[in-house]
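Good morning, everyone. Today I want to talk about charged side chains. Please look at the screen.

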Amino acid sequence: MAKRAEIVLDPEEREVLERWVRRPKTAQALAFRCRIVLAAAEGATSTEIASELGCNLSTVGRWRGRFAKRGLDGLHDEPRPGKPRSISDADVERVIVKTLEEQPANATHWSTRSLAAATGMSQTAVSRIWRAFGLKPHRTEAFKLSPDPQFIDKVRDIVGLYLNPPEAAVVLCVDEKSQIQALDRSAPVLPLMPGVPARQSHDYVRNGTTNLYAALDVASGQVIAEMTPRHRAEEFRRFLTAIDASVPAHLDVHVVLDNSSTHKTPRSSAGSSGTRASPSTSRPPTAPGSTSSSAGSPS
């Protein structure tokens, strides 16, 4: 019978083992080995430890022995056999620095193949490094900083209208699509038949342009829409009148819209006579969602 390895811990080793057991990010295998060593240091036999932790007696003996010989280092996995690592940390750093700080001479960004040719590595190795560090040179994201001094108030107003809509009011998101081409095929579409798909001519006839105004009721999803032949402040004002007519008289109207030039003329900003539609620019709100003006984008 092999002699049982006795475990004696100094205060520093005990503190490290207990910390590894408690830490959530510690590998479960390492935490399990620490529990074996801590139990052995309390004087428990290998049989008692195996029974308490639900493992084999040989497992307890292995980690007791390795800790007795090598201390804390003995609890870590030994290097596994296999081919040595061919890409060093310096190679990884070179790929990352080149990706972040340099640009290819004949392209807007690196690809895995162009970077592999520039660094002398394989395309697969570059791809693995990019995935490991979350690098995606082909992707871009756009942002815009608004110079509007009331931008924060307007954002609070818009968010408040969505998250905390005012009582006895309807919130409408208004937008328009201008210069929609009215196209039609130069010949009637031939209908679908058994074994024959629907057929249509390859060319079309232009019938001018049209403009679409639409208002989405945030709460119900109902859409108020209107087609107009022209895109002017006058048409926008008439659309506000149509919104006012479609909303019950006892409800206030809050309109969220962008800063199109047709929204900022004196006539359209004031709405039509007698309507409840708000102006198309925001005043500083007293509380999120409580303002009676619309939350327009920065003018």
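**Salt bridges in this model**

Let's start in helix H9, which covers residues 233-246. Arg238 and Glu235 sit three residues apart there, so about one helical turn separates them. Keep in mind that this is a predicted model.

Opposite charges on side chains can pair when the charged atoms come close. Now the pair itself. Arg238 and Glu235 form a salt bridge, and their closest N and O atoms are 3.4 Å apart.

Glu235 has another partner. It also forms a salt bridge with Arg232, with the closest N and O atoms 2.8 Å apart.

Which residues are linked in the network of salt bridges? They are Arg232, Glu234, Glu235, Arg237 and Arg238.

Next, is Glu235 buried or exposed? Glu235 is buried, because its relative accessibility is 2% and the cut-off for buried is under 20%. Its partners come out as partly exposed. Arg232 has 34% relative accessibility. Arg238 has a relative accessible area of 38%.

Now move to helix H5, residues 89-101. Asp91 and Arg94 both lie in this helix. They are three residues apart, about one turn of the helix. Their side chains meet in a salt bridge, at 3.2 Å from N to O. Arg94 is partly exposed, with a relative accessible area of 37%.

One last thing. How many salt bridges does a search of the whole structure find? It finds eleven. Thank you.

Definitions and conventions: Residues are numbered from 1 along each chain as its sequence is written. This is a predicted model: local features need pLDDT of at least 70, side-chain atom pairs count only at pLDDT 80 or more; totals for chains, interfaces and linings use all residues. Side-chain values use heavy atoms; hydrogens and water are left out. A salt bridge is a side-chain nitrogen of Lys or Arg within 4 Å of a carboxyl oxygen of Asp or Glu. Helices (H or I, at least four residues) and strands (E, at least two) are DSSP runs, numbered from the N terminus. Buried means under 20% relative accessible area, exposed over 50%, partly exposed in between (1.4 Å probe, protein chains only).
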